[in-house]
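This report is meant for a reader who is meeting the structure for the first time.

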Amino acid sequence: MFKQVLQKVLGASGKNTTANSAKEPKEQRPLVANIAENLKILHQVFDLCGDVVFREFQLNTKPALKACVIHIDAVADDSLSSQHLMQSILLDNSALTADMQLTKHNAPQILRDRLITLMEVKTSTDVLELTTHILQGNVALLLEGSATALVGITPGGQGRAILEPVVEPVVRGPRDGFVESYRVNVALVRQRLKSSRLKVEVLQVGAISKTSVAVCYLKGVVNDGTVAEVKERIQRIKIDGIIDSAVIEEFISDEPFTFFPLVLATERPDKTASALLEGRVGIIVDTTPVALIVPATFVTMLQASEDSFNLYIYASFIRLLRFVALNLALLLPAIYIAITTYHQEMLPAALLTSIAQARVGVPFPAFIEALIMELTFELLREAGVRLPHNVGQAVSTVGGLVIGQAAVQAGIVSSSMVIVVALTALASFTIPNISASYSIRILRFALMICAAVLGMPGVMLGLMALLIHLCGLRSFGVPYLSPFAPLSPKDMKDTFVRVPWWAMFTRPHFSGAKEPARQDPQGGPQKPGEGGENSSNK
Amino acid sequence: MAALLYVVVLATAVLFVPAITAQKAYQSAWLATLVLPTIIASVVLLAVWKLGMYFPDKTLAEYSEVILGKLLGKAVAGSYALFFLVMNILVVREFAEFLTVNFMPETPIWAFCSLLVLVAGYAAYKGVEVIARMAQFILPLFLLTLLIVVLFTIPDMQLGRLQPLLEGGVLPIIQGSFVPASWYGEIVVLVMLLPSINKPQEVGKKVLIALLAMTITFTAVTFTALAVFGPYLTGDLLFPVLELASYVNIARFIQRLTILIMTFWVSGIVVKSSLTFYVICLTSAQVSGIKNYKYVLVPSALCHILGSAFLFANTLQLMEFLDKYWTPMALVFELVLPLLLWPVAAIRLRKRRTSK
């Protein structure tokens, strides 16, 4: 319903959405047996494309056959194409015996079978297909008198080295993070799951950008319906370009209007791999160092990948702490406002006195005070993100000294409010998922308003509305609040606490339960001397 | 589903009923909540369940027409819609009453009413599945708070306040039983919900468990209130359980838990009101032949706000209504009508089968 309204307001009519690709050859057109003709077509296609290189040369046959190599500079891997394509065609004729001379007719066949040393060579007979290949970074080889072009698969492109994840760092655990190339990213996942059951289906999205989107899943573990749904939703996207996986995320979300991320985004291959083992689907998008994981639930937003690597007791402690932090980040300012404004009787006398003393001389009601401080904090945070790193120091000085201390000394805000805001900020930093922490930040303001208007009952009503919203959310058919609502105690192994690895017997319920067991139930650690029959995990 | 009904019944019952029951049955009030209401509610459950089994894919609004004919059926279903409406108006009013009396005496009552209706309407818009999930989410918190109240007031209990047992004979207990019975009987909302349940065959058993759990919890709470305050004070207090909460004192630091308790009650009441709201919309939509119950949301929300804010002048009027008028009215709809419909349905169905 909202979506239709939005479409009306924003004036999208659906008529001009596919017009973007009008400039490119649309219908299929076969290559002809005349190389000059073919080149003319391709020159037309790549008119004014300065980075497309046409390299014409002659094969050393008698009579000399004209040939042309077409690729895009720096998009195709130059060293690969020059070494394994050009060299092998122009220099390395030793493989040819006397009875096998290149002619017009057998040239494509012989080149492919005997000469070109590239790992993968395809053939193409269609202009559109050939263009696509060239644009993807492959090398096209046109030959005189042949309606078949050879395509050397040489995708290169520019990318950075694999670095440590910036947003999700760990103290213990693997340190490689995704990069911008989806091929490298898929390889990083594949290295962790060396199984032919890890399927990688590559789709192309974006009329102009033609971004490769790899849908990864473990066959037999995943719910097939989810995979089909993911693919269907991705194929439904009709947009000119996908710049980042965030675009895909917004398109494939179940509920278009929500504060909460219904898709889990991560830049860690280990997290992706373990999600796949749980029966989730990974979506790796080219040119994006962030993979998407569906279905996501609310709990996944509070799981840091380090929880899996630390001692399970410690990890559980941290997990519980994070739940507390979540509540603090969401509620603390609201509760502070409600208590100081309406329910002073809730506080023990001593605490009440110290708060009242701190508030003496503050000219604003608690709500305005909290609003000022929270907004200031958000400003500081935003400024810190926008500034270059070497100037960023200035922000912390301004924040800590000028706003914190000076504001209290000037009597504009109370010191207790500064503590509340600081605690809230600290708590919101502990939420591992960035998009979840954004939603918490926004909702905090909403709840502050509730508290200012109706006190604690107001906060509670606000929370209930939030709960209703959360209960109504689904991520690819999986209720967002599962395993709490609907309740499934079996799936609570990795929620409030993390049970030891040797006790994670089953996969989450949503995986379709085709292969629910994760491990041999007898496989837990054993004290020396105890029999194998009664291991310690039951 | 069991969790849903549990929260739905207890959310408001715990607030109001101990006082009303104690006024009638005095120190034996906990017996009044234990025996008779459970039996009555079980009968209600049986009737509702049997009816549901006759028409597994129909709600009451749909099958009453089959049973009683078009006109009479519509009348019965329509009156059920009104009954649920009154019930929810009472819930909303109880909620607002509870908050204004205890926490925010200067806030106008319509403010709370309309906000609750807004939130409940949102939940009703989302549908019954969402409401059920909410209940599941809230149940542990709800139980925890009740448990805290009961456990930490143990030092203040004096069992002597419960004696002499059965002072005035059995009659006061029976009299006192009808009010809790009318609350337990709220499980009659099942008549509208059975078709949307996954495994309706198991519902009978599950709801019975919920019913027993309700009885135990509720009796425990009433018992605690009586043991701490004695029968007369319990009867005179508006919200005995809330006062109980203020007795909680752990290590001289965790005290005055009333507001905490209040927050979880608010959540319970929201669930209850949402479910009733949903049922009202569904019933009235089906009676009037509107295909999507969501169209009825806005008008019934208006009815709610107006009804809850202006039907009663003050708390005492509300209590009087609950005591004198609500109980018989509720029992008619909860007990009598299903019990009447059940044999009629049985006879009709048998006739149809033999004629075929």
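In chain A, five strands form an open sheet in the order β6-β7-β9-β10-β8, and the pairing is antiparallel. The edges are taken by β6 (198-205) and β8 of chain A, each with a single partner strand, so one side of each is left without a neighbour in the sheet. On average, and with direction ignored, neighbouring strands of this sheet are turned by 25° against each other. Within the sheet, strand β9 (residues 281-285) of chain A pairs with β10(A) in the antiparallel sense over three bridges, and A:Gly282 stands opposite A:Ile293 in β10(A). Strands here are DSSP runs of E with at least two residues, helices are runs of H or I with at least four, and both are numbered from the N terminus; two strands pair if DSSP finds at least two bridges between them.

This is a predicted model, in which local features need pLDDT of at least 70 and side-chain atom pairs count only at pLDDT 80 or more, while totals for chains, interfaces and linings use all residues. Residues are numbered from 1 along each chain as its sequence is written, chains are lettered from A and ligands numbered from 1 in the order in which they are written, and side-chain values use heavy atoms, with hydrogens and water left out.

Over all chains, the structure holds nine aromatic pairs. Rings of Phe, Tyr and Trp (its six-membered ring) pair if their centres lie within 6.5 Å, and planes under 30 degrees apart count as stacked, over 60 as edge-to-face and the rest as tilted. Two of the pairs are set out below.

| Ring pair | Distance of centres | Angle of planes |
|---|---|---|
| A:Phe260 and A:Phe298 | 5.9 Å | 75° |
| B:Phe95 and B:Phe112 | 6.4 Å | 85° |

The pair of A:Phe260 and A:Phe298 is edge-to-face, and it links distant parts of the chain, 38 residues apart: A:Phe260 lies in the loop between α8 (245-252) and β8 (264-266) of chain A, and A:Phe298 in the loop between β10 (291-294) and α10 (312-341) of chain A. A:Phe260 counts as buried (under 20% relative accessible area, with a 1.4 Å probe and protein chains only; exposed is over 50%, partly exposed in between), at 6% relative accessibility. A:Phe298 is buried too, with a relative accessible area of 13%. Ring pairs link A:Phe260, A:Phe298 and A:Tyr480 into a cluster.

Terms used: Axes fitted to C-alpha atoms, helices over the stretch in contact; angles between N-to-C directions.
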